[in-house]
Amino acid sequence: KPISVVNSMSYEDFISLFGNVIEHCSLCAAAVWRDRPFSDVNSLHKSFCQFADQLPIGGKEGILRLHPDLAGRLAMSGGLTNESTKEQQSAGLNTLTDQEKKTMHHLNQQYKQKFGFPFVICARENKKEAILTGLERRLNNSGETEAVTGVEEVKKICRLRLLDIVDSSSKL
Ligand SMILES: NC(=O)NC1=NC(=O)NC1=O
């Protein structure tokens, strides 16, 4: 969609179009609508990032808790959103060996046990090996660090999902 069409949308249409660019966070889109008109997809992304950044730590953790595990129960049962399904497949998470599945599940559990929110990484920018090493490495971080790191990954996921919707060449 051209950015001019995005800028002329009612907030209902804007929310239905962008309600999942941050996974299950239609609130983000509902808030970002007020920043229109957007000059291009970058300024639209910037608004989403600013909304996430100004959230208190509890809100940041809340955004992370809305994300499905990588190669988790939901993924195995085909219960992911369309976007997450494609993203997890692109990282090769649908072709994990039984051993890799067990390792991923165990590390995800450990991570959630420690932080109280799931491990989030931009799957379209990582293959399964990098995801597993990232999970192991980040397990050693503090909760504060991981809440911020996770939101940085959410911003990357958001940018790629926005680029799937908005013509990146269109400018105000
Ligand atoms: N826990 C996650 O990182 N989930 C995901 N990352 C993505 O890029 N897509 C997901 O579903």
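These are my notebook entries on a predicted model, taken in the order I looked things up.

**Entry 1: overall fold**

I began with the secondary structure and found ten helices and zero strands. Read from the N terminus, the order of elements is α-α-α-α-α-α-α-α-α-α. I then checked the radius of gyration, which is 16 Å, close to the 16 Å from the globule rule for 172 residues, so the protein is as compact as a globular protein of that length. Along the principal axes, the C-alpha atoms fill a box of roughly 50 × 35 × 25 Å. I noted that 47% of the 172 residues count as buried. I also looked up sequence separation: of the contacts between residues at least 6 apart, 72% join residues at least 24 apart.

**Entry 2: the nonpolar core**

Next I went to the largest nonpolar core, which has 48 residues. Which of them touch the most other members? I wrote down F14, F18, L44 and F48. The helices that each supply at least two residues of this core are α1 (3-7), α2 (11-18), α3 (26-32), α4 (41-53), α5 (57-65), α8 (98-115), α9 (128-138) and α10 (143-165). The largest share comes from α10, with seven residues. As background, I recorded that nonpolar side chains in soluble globular proteins tend to be buried together.

With its neighbours within four places in sequence left aside, L44 is in contact with F14, F18, V32, F38, L162 and V166. Two of these partners, F14 and F18, are also on the list of residues that touch the most other core members.

**Entry 3: I157**

I picked I157, which is found in helix α10. Is I157 buried or exposed? I157 counts as buried, because its relative accessibility is 9% and the cut-off for buried is under 20%. Leaving aside neighbours within four places in sequence, I listed V21, E87, V120, I121 and C122 as the contacts of I157.

**Entry 4: aromatic rings**

I counted seven aromatic pairs. One of them is Y111 with F119, an edge-to-face pair with 5.5 Å centre to centre and 75 degrees between the planes. I checked burial for both partners: Y111 is buried at a relative accessible area of 0%, and F119 is buried at 2%. Y111 and F119 also belong to one aromatic cluster, together with F115 and F117.

I then looked for a charge over a ring and noted R36, which lies over the face of W33 at 3.5 Å from the ring centre.

**Entry 5: cysteines**

How many disulfides are there? The count is zero. I looked at C25, which is in no disulfide; its nearest cysteine sulfur is that of C28, 4.0 Å away.

Key:
Residues are numbered from 1 along each chain as its sequence is written. This is a predicted model: local features need pLDDT of at least 70, side-chain atom pairs count only at pLDDT 80 or more; totals for chains, interfaces and linings use all residues. Side-chain values use heavy atoms; hydrogens and water are left out. Rings of Phe, Tyr and Trp (its six-membered ring) pair if their centres lie within 6.5 Å; planes under 30 degrees apart count as stacked, over 60 as edge-to-face and the rest as tilted. Buried means under 20% relative accessible area, exposed over 50%, partly exposed in between (1.4 Å probe, protein chains only). A charge sits over a ring if NZ of Lys or CZ of Arg is within 6 Å of the ring centre and within 35 degrees of the ring normal. A disulfide is a pair of cysteine sulfur atoms within 2.5 Å. A nonpolar core is a set of buried Ala, Val, Leu, Ile, Met, Phe, Trp, Tyr and Cys residues joined through side-chain atoms within 4.5 Å. Helices (H or I, at least four residues) and strands (E, at least two) are DSSP runs, numbered from the N terminus. Contact means heavy atoms within 4.5 Å. The radius of gyration is taken over C-alpha atoms; the globule rule is 2.2 Å times the number of residues to the power 0.38.
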